[in-house]
Amino acid sequence: STNASVNESLSKIMMDHKDLKRFLYDGEEIVFAGLIVKRSFSGMSIIPRKRQLILTKMTNSLLWAKCPPRILYVDPKQAILKGQIPWDADLYAEVKSRKTFTITAQKRLYTLKCLSHEAAMWVETIERVRFEYEKRIRQMTAESSRPSNVESLSSLAERPMSRSIGSLQKQVAKKDLHE
């Protein structure tokens, strides 16, 4: 059948998880990986490029403050890391169609077409990891800012907010302005 031949050709292109581990930091694990087509701009034209997309996170959540989750893209034929979608507090993923989704990060839009999975699987997994990450960062911020006595309450009020909480408040403020 045609589906079987498509799946067979995809499996020849996709890299195995054990081969992908060489792109990871110590203590980092693969959460999700799959074959996608990433649209790249070259001069005035858009060139579709097959890439292996990899979503990672640290196995020990205590390390998340130093190393947030990562979204890497690898050339599966040459087994070369081609780039990384920067993880920031404003990163979000959105389903556009059954096979297409976008990731917005640092005011840049990445349009990705899934070859090996449904777009919703990618978006749900990215959003789940983002939620876990933000929750852990909030917990760590709360733990590190707990006052040990009454005098330290005033110094706590003078501390700058963490990046993740501050950016969440900015998002809420922007949303309020537009409503």
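Me: Hi! Which loop is the place of Lys107?

Reply: Lys107 sits in the loop between β6 and β7. Keep in mind that this is a predicted model.

Me: Okay. And what is phi of Lys107 near?

Reply: Phi of Lys107 is near 60°, which is a positive value in a residue other than glycine.

Me: In which sense do β6 and β7 pair, and over how many bridges?

Reply: The pairing of β6 with β7 is antiparallel, and it runs over six bridges. One detail to look at is Ala105, whose bridge partner in β7 is Arg108.

Me: Where is Ala79, and what is its phi near?

Reply: You'll find Ala79 in the loop between β3 and β4 (80-85). Its phi is near 55°, again a positive value in a residue other than glycine.

Me: Let me zoom out. How many helices and strands are there in the protein chain?

Reply: The protein chain has five helices and seven strands. Starting at the N terminus, the order of elements is α-α-β-β-β-β-β-β-β-α-α-α.

Me: And what percentage of the residues count as buried?

Reply: The protein chain has 179 residues, and 39% of them count as buried. On the contact side, take the contacts with a separation of 6 or more: 51% of those come from residues 24 or more positions apart.

Me: Nice. Now the core: how many residues does the largest nonpolar core have?

Reply: The largest nonpolar core has 27 residues. Inside it, the residues with the most contacts are Ile71, Ile85, Phe101, Ile103, Trp122 and Ile126. Two or more residues each come from β1 (28-42), β2 (45-58), β3 (70-75), β6 (100-105), β7 (108-114) and α3 (119-144).

Me: Which element gives the largest share of this core?

Reply: That would be α3, with eight residues.

Me: What does Ile126 touch?

Reply: Leaving aside residues up to four places away in sequence, Ile126 touches Leu55, Ile71, Trp87, Leu91, Ala93, Phe101 and Ile103. There is also a second, separate core, made of eight residues and including Leu24, Ile30, Ala33 and Val74.

Me: Back to α3, what span does it reach from first C-alpha to last?

Reply: With 26 residues, α3 reaches 37 Å from its first C-alpha to its last, close to the 38 Å expected at 1.5 Å a residue.

Me: Which residues are buried in α3?

Reply: Among them are Ala119, Trp122, Val123, Ile126, Val129, Tyr133, Ile137 and Met140.

Me: Speaking of charges, how many salt bridges does a search of the whole structure find?

Reply: The search finds eight salt bridges. One joins Arg98 to Glu118, with the closest N and O atoms 3.2 Å apart. Arg98 is in the loop between β5 (92-95) and β6, while Glu118 is in the loop between β7 and α3, so the pair ties together parts 20 residues apart in sequence.

Me: Is Arg98 buried or exposed?

Reply: Arg98 counts as exposed, at 58% relative accessibility.

Me: Which residue does Glu94 form a salt bridge with?

Reply: Glu94 pairs with Lys96, and the closest N and O atoms are 3.4 Å apart. Glu94 counts as partly exposed, at 34% relative accessibility.

Me: And within α3, what separates Glu132 and Arg128?

Reply: They are four residues apart in the helix, so about one helical turn separates them. Their side chains meet in a salt bridge, at 3.3 Å from N to O. Both count as partly exposed, Glu132 at 25% and Arg128 at 40%. Salt bridges with shared partners also join Lys57, Arg128 and Glu132 into one network.

Me: Last topic: how many disulfides does a search of the whole structure find?

Reply: Zero disulfides. As for cysteines, Cys67 counts as buried at 13% relative accessibility, and Cys114 is buried with a relative accessible area of 2%.

Definitions and conventions: Residues are numbered from 1 along each chain as its sequence is written. This is a predicted model: local features need pLDDT of at least 70, side-chain atom pairs count only at pLDDT 80 or more; totals for chains, interfaces and linings use all residues. Side-chain values use heavy atoms; hydrogens and water are left out. A disulfide is a pair of cysteine sulfur atoms within 2.5 Å. Buried means under 20% relative accessible area, exposed over 50%, partly exposed in between (1.4 Å probe, protein chains only). A nonpolar core is a set of buried Ala, Val, Leu, Ile, Met, Phe, Trp, Tyr and Cys residues joined through side-chain atoms within 4.5 Å. Contact means heavy atoms within 4.5 Å. The expected span of a helix is 1.5 Å times one less than its number of residues. Two strands pair if DSSP finds at least two bridges between them. A salt bridge is a side-chain nitrogen of Lys or Arg within 4 Å of a carboxyl oxygen of Asp or Glu.
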